[in-house]
Amino acid sequence: MAFLWIPFFIALHFSTAVESSHCAVNGFPIVRNISEIPQDNYGRQGLSHITVAGSALHGFKEIEVWLQTFAPGARTPIHRHSCEEIFVVLKGSGTLYLASNSHKNYPGSPQEFPIFKNSTFFVPVNDAHQVWNTNEHEDLQVLVVISRPPVKVFIYGDWNMPHTATRLKFPYYWDEACYQTSPTKDEL
Ligand SMILES: *[C@@H]1O[C@H](CO)[C@@H](O)[C@H](O)[C@H]1NC(C)=O
Ligand SMILES: *[C@@H]1O[C@H](CO)[C@@H](O)[C@H](O)[C@H]1NC(C)=O
């Protein structure tokens, strides 16, 4: 009798497959070749960003994974976000600038931490920080895991800008194209 179910499962399979679009969860193979996932600099010079697994793109609710490559001299803006963030340095080296004195009204002078191939670090929730490829000879490549996607980023003009004067960038550059079609998620 089991063979009678086969056409049913085939029909079910096709009905879910047609839903797929470039911003939807459906239609991605389980195993993907990272070299074939689109990358973009999203208007930031010297950056290559790949959303390996994302909220807007794949419907992930708890975490998001990025692969980012910074050309020599390239850096993130000074920013903060209310999510957890973990980095693994795959290639190159650079500097993490981190202002952990969040009791003040502004970040103030950051501490500088050298980062290097096969190092890992995390950024405490809401601490202002900046990752900078300060190595002029080599790309810096990092795998980044964040919680609570899509990320809501507050951007500082400099380390002395008051927390309350920062600009919210949401949806963030790599979420913009897909954000409209993604499921909404409650704030904390
Ligand atoms: C992954 O993609 C790259 C670039 O298209 C290709 O060179 C490589 O062979 C692929 N790897 C596998 C295992 O298919
Ligand atoms: C990173 O460190 C781990 C633990 O020592 C080691 O097994 C691995 O080979 C290292 N990878 C690189 C790329 O150096």
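Q: Two strands pair if DSSP finds at least two bridges between them; in what order do the five strands of the open sheet stand?
A: The model is predicted, so local features need pLDDT of at least 70 and side-chain atom pairs count only at pLDDT 80 or more, while totals for chains, interfaces and linings use all residues. Residues are numbered from 1 along each chain as its sequence is written, and chains are lettered from A and ligands numbered from 1 in the order in which they are written. Strands are DSSP runs of E of at least two residues, helices runs of H or I of at least four, numbered from the N terminus. The pairing in the open sheet is antiparallel, and the order is β1-β2-β9-β4-β7.

Q: Which are the edge strands of this sheet?
A: An edge strand here pairs on one side only. That applies to β1 (47–53) and β7 (120–123).

Q: Which residue of β9 is the bridge partner of V88?
A: Strand β4 (residues 85–91) and strand β9 (residues 140–147) run antiparallel and are joined by six bridges. Within β9, V88 has as its bridge partner L143.

Q: How many helices and strands does the protein chain have?
A: From the N terminus, the elements run α-β-α-β-β-β-β-β-β-β-β-β-β-α. The secondary structure comes to three helices and eleven strands.

Q: Is T95 buried, partly exposed or exposed?
A: T95 lies in strand β5 (residues 93–99). A residue is buried with 20 or more other C-beta atoms within 10 Å of its own, exposed with 12 or fewer, and partly exposed in between, with C-beta atoms placed from the backbone. T95 has 18 such atoms within 10 Å, so its class is partly exposed.

Q: How far apart in space are T95 and E112, C-alpha to C-alpha?
A: Contact means that the C-beta atoms of two residues, placed from the backbone, lie within 7 Å. Leaving out residues up to four places away in sequence, T95 touches E112, F113, P114, I115, W132 and T134. T95 and E112 are 17 residues apart in sequence, and their C-alpha distance is 6.5 Å.

Q: What share of the 188 residues in the protein chain is buried?
A: Among contacts with a separation of 6 or more, 70% join residues 24 or more positions apart. Of the 188 residues in the protein chain, the buried share is 22%.

Notes:
Pairing = 2+ DSSP bridges.
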